[in-house]
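What follows is a walk through one protein model, from its sheet to its ligand site. Please keep the sequence and the coordinates at hand.

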Amino acid sequence: MKKTVREAIIAGNWKMNKTPSETKALISEMKPLVSGADCKVVLCVPFVDIDAALNASAGSNIEIGAENCHFEKSGAFTGEVSPVMLKEMGVKYVIIGHSERRQYFGETDVTVNKRLKNALEEDLKVILCVGETLEQREQGITAELVAMQTKIALFDVSKEAAKNVIIAYEPVWAIGTGKTATSDQAEEVCAIIRDVIADIYDSDTAEGMTIQYGGSMNAKNADELLSKVNVDGGLIGGASLKAEDFSIIVKAASK
Ligand code: PEP
């Protein structure tokens, strides 16, 4: 992690877990544990938990994000939530293109690009997820695949707007499986993504961009993964549902 030039960010992704009352309880438990963090601490929570999360985190160093948003501002899109709504609530971050959205909800690189642009227009910070499946890794196309996902997601996004983009490299085979990429694998792909950013924009933009690793990062492996120069933090699923474990990861990123 190169903390001298870019921000370390540890973000939780709660997925479809926790009710509003559970949200209040978990954030109250987390607050004192992460209060001394020397990195950004973000919790991306289900839409229905946002209000409870904002209230519970008020006055602390925990910022709140959403797990998705729509590509239009408003309209006939039953069941969807727009970034305009998120912004008015006080949400600061939104995850776009998580592999579970791609896998179960028909998300494509093109819709990821549309959602990302819409979120940036509302001044939300976007955590853009990219990553290969096990099959794609075995086919030897990881570099091409993450480059393509990154380029399409950032198509038509200005250099200025890209300052509000964080990329999470999340190998699909490591998400929720307990199988973590080795720190060398994480470093290799995060560095490839940084090169792609330099290619799209320039080296300053690439050097300044926070690139996280996500995929079974936990209290035990965080230190090693975060020791890598191109790994600027983590997107944390399972371990973000446990206050103690999450705080250990936050401490690892604060070093
Ligand atoms: C995620 O949901 O983005 C994730 C990385 O999950 P987990 O940490 O559980 O693998």
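Two strands are taken as paired if DSSP finds at least two bridges between them. The structure is a predicted model, and the pairing described here is read from it.

Strand β5, residues 125–130, and strand β6, residues 165–169, run parallel and are joined by five bridges. Within this pair, V126 of β5 stands opposite V165 in β6. In general, strands of a sheet pair through backbone hydrogen bonds, in either a parallel or an antiparallel arrangement.

Eight strands close into a barrel, with the order β1-β2-β3-β4-β5-β6-β7-β8 and parallel pairing. On average, neighbouring strands of this sheet are turned by 25 degrees against each other, direction ignored. Helix α1, residues 20–34, packs on the sheet and touches β2 (40–45) and β3 (62–66). The direction of α1 makes about 130 degrees with that of β3. Helix α7, residues 142–153, lies across β5 and β6. The angle at which α7 runs to β5 is about 150 degrees.

The ligand is the next stop. Which residues come nearest to the ligand? Of the 14 residues around the ligand, these are K15, E170, G176, S216 and G237. By class, the shell holds four nonpolar, eight polar and two charged residues.

A polar side-chain atom of H98 lies 2.9 Å from a ligand oxygen. For G176, a backbone N or O atom lies 2.6 Å from an oxygen atom of the ligand, and for G238 a backbone N or O atom lies 2.9 Å from one. The ligand taken alone exposes 290 Å², of which the protein buries 96%.

K15 is not a glycine, yet has a positive phi of about 55 degrees. K15 is placed in the loop between β1 (9–13) and α1, and α1 is the helix that touches β2 and β3. S216, likewise a residue other than glycine, has a positive phi near 55 degrees. The loop that holds S216 lies between β7 (211–214) and α11 (222–226).

How values were computed:
Residues numbered from 1 in each chain as written. Predicted model: local features only at pLDDT ≥ 70, side-chain atom pairs only at ≥ 80, totals over all residues. Heavy atoms only, no water. Helix = DSSP H or I, 4+ residues; strand = E, 2+ residues; numbered from the N terminus. Axes fitted to C-alpha atoms, helices over the stretch in contact; angles between N-to-C directions. Contact = heavy atoms within 4.5 Å. Near = heavy atom within 4 Å. Polar contact = N/O pair within 3.5 Å; in protein donor to acceptor, adjacent residues only side chain to side chain. Areas by Shrake-Rupley, 256 points an atom, 1.4 Å probe, with all protein chains shown as cover. Nonpolar A, V, L, I, M, F, W, Y, C, P; charged D, E, K, R; others polar.
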